Amino acid sequence: MVTSARGGTGFLNGVTTFEPGAAIGLHTHNCVESVMIIEGDAIVDINGEETPLTLHDTTFVPANIPHRFKNASDTNRMRILWTYASLDATRTLIASGETGRIDAEQALDTEGRSA
């Protein structure tokens, strides 16, 4: 992931893998986000409008607009490359109102070590 700790000066980016049938909850960000599908098929819901996506399709989500991504497959994984237009990007979950920094979500690797 590109963060300020790794030399980023104007954006954050990274990759998220969605297992078959997985989805992220509806949420907003405090800045613009772009997502490219790099494996599999997805469904994006942006402000209540669902759109199917496939390999290399790219989205643009304005700041503070509710959205979420879902893996469209029940058998294959889906991966996205995401980019936020700010080093201070946050995610606010619609269901709980909880807000957290994107770079804090990505701070630990799968074995609990600092990434």
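The legends below describe close-up views of a predicted model.

Local features are given at pLDDT of at least 70 and side-chain atom pairs at pLDDT 80 or more, while totals for chains, interfaces and linings use all residues. Residues are numbered from 1 along each chain as its sequence is written, and side-chain values use heavy atoms, with hydrogens and water left out.

**View 1. Four strands form an open sheet in the order E1-E8-E3-E6, with antiparallel pairing.** Strands are DSSP runs (E, at least two residues) numbered from the N terminus, and two of them pair if DSSP finds at least two bridges between them. Strand E1 (12-18) and E6 are the edge strands; each has a single partner strand, so one side of each has no neighbour in the sheet. On average, neighbouring strands of this sheet are turned by 20 degrees against each other, direction ignored. The angle is taken between axes, which are lines fitted to C-alpha atoms, on a scale from 0 to 180 degrees between N-to-C directions.

**View 2. Strand E3 (residues 33-39) is paired with E6 and with E8.** Four bridges link E3 to strand E6 (residues 58-61) in the antiparallel sense. Met36 has Thr58 of E6 as its bridge partner, and Glu33 stands opposite Val61 in E6. Strand E8 (residues 78-84) also runs antiparallel to E3, and six bridges join the two. Here Glu33 stands opposite Tyr84. In general, strands of a sheet pair through backbone hydrogen bonds.

**View 3. The largest nonpolar core contains 16 residues.** A nonpolar core is a set of buried Ala, Val, Leu, Ile, Met, Phe, Trp, Tyr and Cys residues joined through side-chain atoms within 4.5 Å; buried means under 20% relative accessible area with a 1.4 Å probe, protein chains only. Leu12, Ile80, Trp82 and Tyr84 have the most contacts inside this core. E1, E3, strand E4 (42-46) and E8 each give two or more residues to the core, and the largest share, four residues, comes from E8.

View 4. Ala85 and Gly10 are 75 residues apart along the chain, yet their C-alpha atoms are separated by 6.6 Å.

Notes. Buried < 20%, exposed > 50% of the residue type's maximum accessible area, 1.4 Å probe, protein only.
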